[in-house]
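Good morning, and thank you for coming.

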Amino acid sequence: MAKRELAKAFEPADIEKRLYDYWLTNGYFHAKDKSDAPAFSIVIPPPNVTGMLHMGHALNNTLQDIIIRFKRMQGYNTLWMPGMDHAGIATQNVVEQQLMKEGSSRHELGREKFIERVWEWKEKYGGVIINQLKRLGCSCDWERERFTMDKGLSNAVREVFVRLYKEDMIYQGDYIVNWCPRCHTAISDLEVEFKSDASFLWNIRYPMADGNGEIVVATTRPETMLGDTAVAVHPDDKRYAGKIGKYVILPLMNKKIPIIADEYVTMDFGSGAVKITPGSDPNDFAMAQRHNLEIISIMDGTGIINENGGPYQGQERYEARKNVIADLEKGNYLVSTEPYAHNVGQCYRCKTDIEPMVSKQWFVKIKPLAKQAIAAVVKEKTKIIPKTWEATYYDWMNNIRDWCISRQLWWGHRIPVWYCDNCKKVIVSTVDPDKCPDCGGASLKQDEDVLDTWFSSALWPFSTLGWPDETPALKTFYPTSLLITGFDILFFWVARMMMMGIYVMKEVPFEHVYLHALVRDEKGEKMSKSKGNSIDPLLMIDQYGTDAFRFTLAAYTAQGRDVRLSPERIEGYKFFVNKIWNASKLTFSNLEDYDESASLQTVDSPPDKWIKTRLNKAIEEVSTSLDEYRFNDASAAVYRFIWHELCDWYLELSKPAFYGKESAEKRTAVQKTLSEVFQATLQILHPFMPFLTEELWHVFKGDDKDSIMVSRFPVAKDEWKNDEAEKEMEMIMDIITSVRNIRGEMRIAPSQKLNLLISAADERNRKLIESNQGYILNLANLESLKVEINAVEPKGVATSVTGSTKIFVPLAGIVDISGEITRLEKELGKIQKDLQQSSKKLANRDFMTKAAPDVIQKEQDKVKEYQKKHSTLENALKKLKGIHK
């Protein structure tokens with residue numbers, strides 16, 4: 001059997017790298033482009049090339065690896081496609097900061113040299129996260145690793161752009177976009193994050209041009225009034241019925257602007273009149289298009305007031321705000337200022353306040369694509385799990401705006417559009433042209449912008465498989481089987497992959513989309529470095545091992561619920577790893593002389609039958625739960641079976657056979673059961689704990705010729721199903737548990753032998769108990785056991801009832817009942833005093849309002865603990881007083 005002894009403890013640091021290298025060397029992660037086995041494929045959400053492993057990555061990739069390992073063991077030809085995203089803004093920022101430290105800049109280098117520098121950075125520092133994913137045990141097909149800027153994916157990007165352009169799905173136009181003055185680029189609606197800002201609402205007087213009265217407008221951004229081109233009111237607002245079509249004077253700029261009527265205006269907000277600044281607000285921009293208003297941009301790309309800002313030219317936007325307010329007061333235009341909280345949009349990358357700005361950008365006409373992507377989910381060609389996210393998906397897709405795909409960056413896929421200097425021809429091509437197709441001129445200039453990073457990411461499921469070439473991999477693995485990702489990129493990425501997959505491939509990109517929640521701290525608060533509650537996954541792996549870390553993530557991943565994590569919870573599953581290791585040592589020592597070829601005449605013992613039927617149910621529960629992406633249920637089933645059934649019961653019940661108290665044939669029968677059960681146990685645990693199970697598998701098999709990951713995942717065996725044996729054994733276990741509980745309640749030492757009287761309900765139960773009395777005598781540590789049908793309860797006994805069976809433990813000479821009653825009453829009094837003191841503190845309003853949250857939580861935890869102890873002591877006291885009568 002086992003040919004080498006296990007170390008005293010499982011040491012992850014010594015084992016994990018060795019085993020990961022073993023997997024790589026033997027090519028166990030590699031999928032076959034052609035295979036008779038059914039295909040199962042996942043594409044990894046590509047981490048940014050600048051990325052470092054955080055808890056979100058750890059959760060996401062652990063869940064993917066669990067499913068991939070599970071499906072691989074089920075016999076699927078599994079592909080987990082890895083890769084990285086070029087992360088346009090993030091990567092350019094990193095390299096620009098490097099240049100800044102060197103006293104240089106990208107503009108000083110020039111575009112070509114700067115891009116060379118980014119590639120150098122990528123080769124030297126990029127992709128650290130890939131090695132970190134390997135430490136997590138990720139079984140990706142690393143031979144296929146892709147990068148969104150590699151040659152194949154770049155070809156795919158150009159192909160899709162040109163195809164969309166030729167089908168009139170891409171256009172260029174002046175449009176108001178979210179502009180980041182720090183990153184100097186447009187960003188999409190999805191890349192804007194909102195923060196609450198306690199600001200002000202300024203009410204400003206706009207005099208009527210004819211001198212008859214005024215209109216008061218309210219704004220949160222007075223500096224933008226420099227670009228006002230109208231004042232708007234609702235057409236049904238009677239207050240302004242005679243003023244529509246007239247003009248007001250724009251304060252500070254001293255120019256006439258019209259009063260227009262538009263149903264967009266809300267009559268009950270402020271005065272019911274609003275200033276219209278088409279160059280600084282998307283709603284105003286839309287209104288300007290409806291009313292043919294002039295569009296004036298008052299800022300440049302860095303947030304500085306330009307020549308259209310009159311005397312404020314050259315001022316930074318927030319400096320201009322202060323000066324505009326001061327000048328409005330001086331000119332008696334400021335009616336009032338009132339506090340006003342509202343949301344301010346910020347760049348998701350650098351946290352700079354975004355500035356709506358009109359500029360020439362490239363767009364994808366998205367509604368036709370969105371329509372097909374909506375239909376695919378409605379028809380369940382793609383299922384979103386949990387289903388509750390479907391409503392959010394539909395809502396966003398139904399209200400989608402055209403996608404601004406151009407970015408004013410240098411790092412990224414440069415837009416494949418060229419302009420002929422001679423005849424002004426616009427050339428859109430998948431290959432770099434050397435001359436104009438119209439005039440033959442060679443003076444061509446490529447568009448300066450690059451594509452939004454999400455454009456290449458949207459093609460990820462098929463571009464990584466070789467498209468636009470018709471590769472065997474594309475044929476085998478597209479559509480992919482599953483996408484696992486965070487709900488926060490449902491629109492950024494998932495929806496766009498749906499649209500592009502259907503558009504290009506005429507098929508959905510994946511059958512299932514599983515959206516997991518966020519990882520928070522144990523109190524449910526968002527993790528952040530500033531709060532000091534963030535957890536470094538690599539530190540957790542160093543401290544507790546990858547297997548304990550992975551299992552914790554799976555155990556706390558329930559559909560639609562955030563994952564609450566703490567180092568203590570991970571440490572708890574480190575104890576589980578130790579439990580498995582120690583159980584394995586016991587198993588191997590008792591299987592050393594096991595002869596698999598020995599013929600057996602004896603039937604299975606009750607514990608053998610019981611553990612087999614329990615294993616059957618564990619296999620079914622784990623398989624069903626993983627198929628339904630109920631990771632917490634799957635891990636709970638594994639944990640329950642290993643800790644509470646295999647370790648706590650079966651191994652203990654089997655010790656008499658192992659220690660020579662049973663016949664040799666019975667010992668061999670128990671060895672056979674243990675060998676079969678242990679093998680299947682390692683297999684159902686493997687997707688969650690790959691390193692531990694691989695190490696134990698090699699010891700169990702006696703060599704490392706084959707990996708556990710390519711063994712077949714167990715299926716329930718019909719011959720192991722035995723509900724009757726399960727019920728009978730559980731009755732015996734309940735009796736043992738009852739005796740152990742009495743020991744605990746009465747403070748009887750585990751080493752103290754007891755006499756036991758059992759009252760059985762009928763002859764059948766009496767025979768059942770007597771035929772299994774050896775297990776009860778051994779595990780309950782009894783001196784004697786007597787079974788009677790409907791026995792009368794003797795005096796001076798502790799009693800327990802399980803089903804129709806009564807258990808009596810005589811206490812004479814074992815427990816000083818009077819002394820124990822006195823002790824319990826004294827302890828109960830102390831607990832009552834402590835409970836009152838803590839409860840009083842929590843009822844104190846000053847304490848609840850002034851104390852720190854962690855201090856309050858500590859006091860609340862104390863109250864719960866006191867209440868639990870109080871209940872336990874009260875029950876024990878009640879039992880003793882009942883015996884003492």
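This is a predicted model: local features need pLDDT of at least 70, side-chain atom pairs count only at pLDDT 80 or more; totals for chains, interfaces and linings use all residues.

Gly345 is found in strand β13, which covers residues 334-347. Helices (H or I, at least four residues) and strands (E, at least two) are DSSP runs, numbered from the N terminus. Residues are numbered from 1 along each chain as its sequence is written, and side-chain values use heavy atoms, with hydrogens and water left out.

Is Gly345 buried or exposed? Gly345 counts as buried because its relative accessibility is 10%. The terms are defined as follows: buried means under 20% relative accessible area, exposed over 50%, and partly exposed in between, with a 1.4 Å probe and protein chains only. Gly345 and Phe194 lie 151 residues apart in sequence, yet their C-alpha atoms are 4.5 Å apart in space. Leaving aside residues up to four places away in sequence, Gly345 touches Val192, Glu193, Phe194, Thr352, Asp353 and Ile354; contact here means heavy atoms within 4.5 Å.

I turn now to strand pairing. Two strands pair if DSSP finds at least two bridges between them. Strand β29 (residues 805-810) pairs with strand β26 (residues 754-760) in the antiparallel sense, over 3 bridges. Strand β28 (residues 797-802) also runs antiparallel to β29, and 6 bridges join these two.

Asn254 has a phi near 50 degrees and sits in the loop between β10 (247-250) and β11 (255-261). Asn254 counts as exposed because its relative accessibility is 64%. For Lys506, phi is near 65 degrees, and the residue lies in the loop between α15 (490-505) and β23 (510-516). Lys506 likewise counts as exposed, at 63% relative accessibility.

Finally, I come to cis peptide bonds. The bond from Trp467 to Pro468 is cis, with omega near 20 degrees; Pro468 is in the loop between α13 (460-463) and α14 (472-477). Another cis peptide bond joins Tyr478 and Pro479, where omega is about 0 degrees. Pro479 belongs to the loop between α14 and β22 (480-486).
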